[in-house]
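I opened the model and kept notes as I went.

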Amino acid sequence: MPQPFAEILVLVAGLYAALGLVFAVPFAVRGAPRVDPAAQGGTWGFRLLIVPGAALFWPLLARRWFGGHAAPPVERTPHRAAAEEPGS
């Protein structure tokens, strides 16, 4: 019984990785500058460096890219809230 489960698990992981790589290359070229304004001036070296991460996190990045988000959300932490208080 464990043999078919392991084969299915490897197949699913391979499919996820293949889809991630297919997504990551166009994302590095065209999507990253649209999702994060800081990436607009990125060099080809930068784009090459983000391909593995984009391949790993492709579902999250695809949602941001195709959802029309133009900038990363502002982090809301107690530290940031204290720094933004008047008189700080």
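**Entry 1: surface patch.** Which residues form a nonpolar patch on the surface? I found Tyr16, Leu56, Phe57 and Leu60 in it. Together they have about 390 Å² of accessible area. I keep in mind that this is a predicted model.

**Entry 2: Leu60 and its helix.** Leu60 sits in helix α3, which spans residues 58-67.

**Entry 3: the buried side of α3.** Next I listed the buried residues of α3: Trp58, Leu61, Ala62, Arg64 and Trp65. On which side of α3 do they lie? They share the same side, because their arc around the axis is only 165 degrees. I also checked what comes just after α3. Gly68 is there, with a positive phi of about 85 degrees.

**Entry 4: the core.** I turned to the largest nonpolar core, which has 15 residues. Phe23, Ala24, Phe27, Ala32, Ala54, Leu61 and Trp65 touch the most other members. Helices α1 (2-35), α2 (44-56) and α3 each supply at least two residues of this core. Which helix gives the largest share? It is α1, with six residues.

**Entry 5: Phe23.** I picked Phe23 and set aside its neighbours within four places in sequence. What does Phe23 contact beyond them? I recorded Ala54, Trp58, Leu61, Ala62, Trp65 and Phe66.

**Entry 6: Leu15.** Leu15 lies in α1. Leu15 counts as exposed because its relative accessibility is 53%, and the cut-off is over 50%. I then took a distance along the chain. Leu15 and Ala28 are 13 residues apart, and their C-alpha atoms are separated by 20 Å.

**Entry 7: salt bridge.** How many salt bridges does the structure hold? I found one. The side chains of Arg76 and Glu84 meet in it, at 3.3 Å from N to O. Side chains of opposite charge can pair when their charged atoms come close. How accessible are the two partners? Arg76 is exposed, with a relative accessible area of 56%. Glu84 is partly exposed, at 47%.

Methods
Residues are numbered from 1 along each chain as its sequence is written. This is a predicted model: local features need pLDDT of at least 70, side-chain atom pairs count only at pLDDT 80 or more; totals for chains, interfaces and linings use all residues. Side-chain values use heavy atoms; hydrogens and water are left out. Patches are made of residues with over 30% relative accessible area and no salt bridge: like charges are joined within 9 Å, nonpolar side chains (Val, Leu, Ile, Met, Phe, Trp, Tyr) within 5 Å. Accessible areas come from the Shrake-Rupley method with a 1.4 Å probe; for residues, only the protein chains shown count as cover. A salt bridge is a side-chain nitrogen of Lys or Arg within 4 Å of a carboxyl oxygen of Asp or Glu. Helices (H or I, at least four residues) and strands (E, at least two) are DSSP runs, numbered from the N terminus. Buried means under 20% relative accessible area, exposed over 50%, partly exposed in between (1.4 Å probe, protein chains only). The arc is that of the directions from the helix axis to the C-beta atoms. A nonpolar core is a set of buried Ala, Val, Leu, Ile, Met, Phe, Trp, Tyr and Cys residues joined through side-chain atoms within 4.5 Å. Contact means heavy atoms within 4.5 Å.
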